[in-house]
Amino acid sequence: MSGFLDAAAFLTRVPVGRRPDGPPPSAAVRWFSVVGALVGLASAVVYWAGDWLAGASVGAAVAVAAQVLVTGAFHEDGLADTADAAGGWSRDERFRILDDPRHGTYGVLALVLAVVVRVAAVAALTTDEAWVALPAVHALSRGAAVVLMGLVPPASEEGLGAASVRSLANADVVAGAALGAVFGTVLLGVWVLPVLAAIAVVAGAMAAYARRTLGGIAGDLLGATQQLTDLAALVLLVGAVHHGASLPWW
């Protein structure tokens, strides 16, 4: 249970304990997907209430806002920093941009586009579909970040991402990824297969990008991986539903 509480304290703003100043304990990583599923469930609850009160568009916007509030925009910050760093011309310049707490044009645009796509995608789901889709994609996307932590070496000797990667045990990586896959399978049924394929493509591209531009993974790129795999999975599910897929599958 302490691992779960450590994961919740690290990934969210829920007051379940003191948020660690350094990397999360290795045992906490196996719970990242579970925390993600709960964040997705909370977002689905808010969407259900908002849809009932004011319609799907308002409900989706409030649901996404609630998700950001619960997590403290933890992963969104990584997406913005990663987008800004993409404009760097050298490895050293990219690290300097990643360390800068301010966001530039690329980062702001990445955040705006991500939020617009996420709100539109959630609004395209019925509340019944959201109950399964949102917890699933949140669990699977955090599982994807865990896999990158286990497979890609750290880009530097310093930073939260590097410390997190170095402290990981292989068993915790496997458990964290497996729990995400279990949540996805239970909630999505056979649709977990194309969703996993889309997530694998995006995560693989992020891993290749990290190696080529930084020489390894960094904390901000892990946050960006969560955001991009989440969006890829969500858009795929919305497209599937639009063309006649049935969610929930049972």
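**First stop: a buried pair**

Select R118 and D230: both are buried, meaning under 20% relative accessible area, where exposed is over 50% and partly exposed lies in between (1.4 Å probe, protein chains only). You're looking at a predicted model, where local features need pLDDT of at least 70, side-chain atom pairs count only at pLDDT 80 or more, and totals for chains, interfaces and linings use all residues. Residues are numbered from 1 along each chain as its sequence is written, and side-chain values use heavy atoms, with hydrogens and water left out.

Now show the side chains of R118 and D230: they meet in a salt bridge, 2.5 Å from N to O. That term stands for a side-chain nitrogen of Lys or Arg within 4 Å of a carboxyl oxygen of Asp or Glu. R118 sits in helix α7 (residues 105–123) and D230 in helix α12, so the pair ties together parts 112 residues apart in sequence. Helices here are DSSP runs (H or I, at least four residues), numbered from the N terminus.

**Next: another salt bridge**

How many salt bridges does the structure hold? There are 4. For another one, pick R30 and D172, whose closest N and O atoms are 2.6 Å apart. This pair also links distant parts of the chain: R30 is in the loop between α2 (26–29) and α3 (32–54), while D172 is in helix α10 (residues 170–188), 142 residues away.

**Then: helix α6**

Select residues 91–99, and colour R94, F95, I97 and L98, which are buried. Look down the axis of α6: its buried residues fall within an arc of 160° (taken from the directions from the helix axis to the C-beta atoms), so they line one face of the helix. They pack against α5 (74–85), α11 (192–213) and α12 (219–242), with contact meaning heavy atoms within 4.5 Å.

E93 is partly exposed at 24% relative accessibility.

Click on A73, in the loop between α4 (56–71) and α5. Its phi is positive, about 55°, although A73 is not a glycine. Finish at L247 and P248, joined by a cis peptide bond with omega about -10°; P248 is in the segment after α12.

Conventions:
Helices (H or I, at least four residues) and strands (E, at least two) are DSSP runs, numbered from the N terminus.
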